[in-house]
Amino acid sequence: MNANTIVQKLWRLCAVLRKDGITYQQYVTELTYLLFLKMMKERGREEGNIPQDYRWEALVKAEPLQKLRVYREALTKLGDPESGLPRMVQAIFDNASTFVREPQNLTTLITAIDELDWFSEDRDQFGDLYEGLLQKNAEETKRGAGQYFTPRVLIDILVQLMRPKPGEAIQDPASGTGGFLIASDRYMRAQTDDYFDLGEKANWQKKHAFHGMENVPGTLRLLLMNLYLHNIDSDHVDLGDTLSDKGQRLGKADLILTNPPFGPAGGAPTRDDLTITANVSSYQLPFVEHCIRSLKPGGRAAIVVPDNVLFEDGRGKALRQMMMNWCDLHTILRLPTGIFYAQGVKTNVIFLTRGKSDSNNTDETWVYDLRAQMPKFGKTNQLTQSHFEDFIKAFGSDPLGHERGKDQGEEGRWRCFTREEIEARGDNLDISWLREAEEEAEDGLTEPEDIAASILEHLQAAMTEIEALSTELGESELAAEPEVAK
């Protein structure tokens, strides 16, 4: 049985648990606990990690009416910080509790998991299975794991273009469920025959290569589980707010791959090093500044950002100027709408390389418009690798953007804009020349939740504009106040 078949089988069991009032995300969390216990048994890792009374066999053999009691006790014990169990076990079961109320429903779930064949001929399938469950959750809930779920095809494309290498420090400051970190590890394994035969370098690669932070405890649980199932060490993946002082502990990176959260943050960053976006109370601008500052000289990044990062005045404009001065902003990819399970969300990927100095690093920026004149994407028409083929050719094989396809002019999707041309636009990077079809895509929305998402996106853009204007007015008034004589 392949991973896709197992995912479908497990997902159908969710219908049983709906009688217990369990949501899709609660169901994935519930599966995380049970799959972890099953996986520890299958891999022979229970000794020293799981106490005898709470192992998988204890759950399977318990009488139906006792299963729920044993399971509840296991969740409490495994997450107890005083238990002396490994950090990874405690983190996955931290504050864990079951959403299942009916013992028979738990029995049904445990029996189904126990009967599945988890191993193909060449490898176990726990990692592939878990990724599939996370994607199913995203498809059903529109905002899987509480954040916009980055389509795995987009993650794979960005990793392919950025070409991570063993020995590099790779960071995702908004890790979510770990898609970028896992795809980077998978890419390096495929490209490097001696990935695990590097002597001392192998230990560094396993324990120090990947750095991440996630601010939502429930999502961190899914992240840690995902990393563990893919044999990636999580010592440098923490719970915390990247826009607080804790974010500085992520350190410097050779490569940053991330899809930061969008929208209001509920307050300005509390870090003292984010000087450009110090007063901005939305997520996207401060996260971009974090990425710029976290790159080593020569380091590279691919960052998913909403449209307002490219056009917002005030702090947004100052951030773009900083980005083009400190970095070579060599490429912008305008993404289609609908790929984040919400039609109204308009996003881009900015590709940049940190310069060795902090001035005049961007000479030209290439823009690829994959949004205009594209079909409507959703559950029935999903984004695939083939949609990116022309962009991949135009981008070239150099992750630093030094190999470019030919400028296609106003009739094509791929165009080059000099720094002088961008400056003449007021440093507005929201550049499109095939706008008509893009506007029609929004006019054709029919699903209520897609229309609502589109309206929300426009409201958020308006709010960020108002916030920027308010900040600018506040700064102007402060500057205009006469100095009080001492």
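Predicted model: local features only at pLDDT ≥ 70, side-chain atom pairs only at ≥ 80, totals over all residues.
Phe-351 belongs to strand β7 (residues 347-354) and Phe-391 to helix α16 (residues 389-395), so the pair ties together parts that are 40 residues apart in sequence.

Phe-351 has a second ring partner to look at. Phe-351 and Phe-395 also make a tilted aromatic pair, with 5.1 Å from centre to centre and 55° between the planes. Since Phe-351 lies in strand β7 and Phe-395 in helix α16, this contact links parts that are 44 residues apart in sequence. Here are the two pairs side by side.

| Pair | Centre to centre | Angle between planes | Class |
|---|---|---|---|
| Phe-351 and Phe-395 | 5.1 Å | 55° | tilted |

The charged end of Arg-404 sits over the ring of Phe-395, 5.0 Å from the ring centre. Elsewhere, Arg-415 places its charged end over the ring of Trp-433, at 5.2 Å from that centre.

Which residues does Phe-351 touch beyond those up to four places away in sequence? Its contacts include Leu-158, Leu-161, Met-162, Ala-301, Ala-302 and Leu-333, along with Asp-328, His-330 and Thr-331. Phe-391 and Phe-395 are also among them.

In soluble globular proteins, nonpolar side chains tend to be buried together. The largest nonpolar core here has 101 residues, and Tyr-27, Phe-36, Phe-93 and Phe-351 are the ones touching the most other members. Helix α3 (residues 24-42) gives this core its largest share, 10 residues. At least three residues come from each of domain 1 (3-131) and domain 2 (144-439).

Asp-430 is found in the loop between α17 (419-424) and α18 (435-443). With a relative accessible area of 18%, Asp-430 falls under the 20% limit and therefore counts as buried. Setting aside neighbours within four places in sequence, Asp-430 contacts Asp-307, Leu-310, Phe-311, Arg-334 and Arg-425.

Finally, a look at the whole chain. The protein chain contains 19 helices and nine strands, and 56% of its 486 residues count as buried. Among contacts with a separation of 6 or more, 74% are between residues 24 or more positions apart. The chain exposes about 21400 Å², and carbon and sulfur atoms supply 48% of that area.

Note on methods
Residues numbered from 1 in each chain as written. Heavy atoms only, no water. Helix = DSSP H or I, 4+ residues; strand = E, 2+ residues; numbered from the N terminus. Phe/Tyr/Trp six-rings, centres within 6.5 Å; stacked < 30°, edge-to-face > 60°. Lys NZ or Arg CZ within 6 Å of the ring centre and 35° of its normal. Buried < 20%, exposed > 50% of the residue type's maximum accessible area, 1.4 Å probe, protein only. Contact = heavy atoms within 4.5 Å. Areas by Shrake-Rupley, 256 points an atom, 1.4 Å probe, with all protein chains shown as cover. Core = buried A, V, L, I, M, F, W, Y, C linked by side-chain atoms within 4.5 Å. Domains from an automatic or database assignment.
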